[in-house]
Amino acid sequence: MIDRLRKPGGRLGALSLTSAAILAIVGALGVLSLLVALIAGSGFWSNSDSDKVVGMIFFAIVFLGAVGFLIEDQYPWAGAALAVVGGVALALVLFWTALAIVLGLGAAVVAVLRARAMHHGSTTAAHPA
């Protein structure tokens, strides 16, 4: 699985692996923490249960962004679309943190660059501008 995420190699492969890991970890932790808060009746995220459910949906979409990175080697544009939606969901659900906005939008950019490289069969470094 890690080898699939490292395609096409180089810096783009490392960024792809990092972006997928961030989306997977943040998405899974978000869903689990909001599920526990919902079950326990905690006011961790919000006092409203509907806000917790909406937050869980957003974090699930963030996790699906990591799945998008994983399938991107076989379906470049479908995987990129899923990863972009996951990155944007991360930026939206944690909009009050500048780091989440940077990481979410950065993951979206990496997904598009990786899809371009996978679609062309090589990295952009092999095709100088």
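Helices (H or I, at least four residues) and strands (E, at least two) are DSSP runs, numbered from the N terminus. By that rule, the protein has five helices and zero strands, and its pattern along the sequence reads α-α-α-α-α. What you see is a predicted model, in which local features need pLDDT of at least 70, side-chain atom pairs count only at pLDDT 80 or more, and totals for chains, interfaces and linings use all residues. Residues are numbered from 1 along each chain as its sequence is written, and side-chain values use heavy atoms, with hydrogens and water left out.

Now step back to the whole protein. Its C-alpha trace spans about 55 × 25 × 20 Å along the principal axes. Of its 129 residues, 36% are buried, meaning under 20% relative accessible area (1.4 Å probe, protein chains only). A contact means heavy atoms within 4.5 Å; among contacts between residues at least 6 apart in sequence, 63% join residues at least 24 apart.

Next, let your eye settle on helix 3, residues 49–71. The expected span of a helix is 1.5 Å times one less than its number of residues.

Which residues of helix 3 are buried? They are K52, G55, M56, F59, V62, G65, A66, G68 and F69. An α-helix has 3.6 residues a turn, so residues three or four places apart point the same way. The cover over the buried residues of helix 3 includes helix 1 (2–6), helix 2 (10–40), helix 4 (76–93) and helix 5 (98–120).

Technical notes. Buried means under 20% relative accessible area, exposed over 50%, partly exposed in between (1.4 Å probe, protein chains only).
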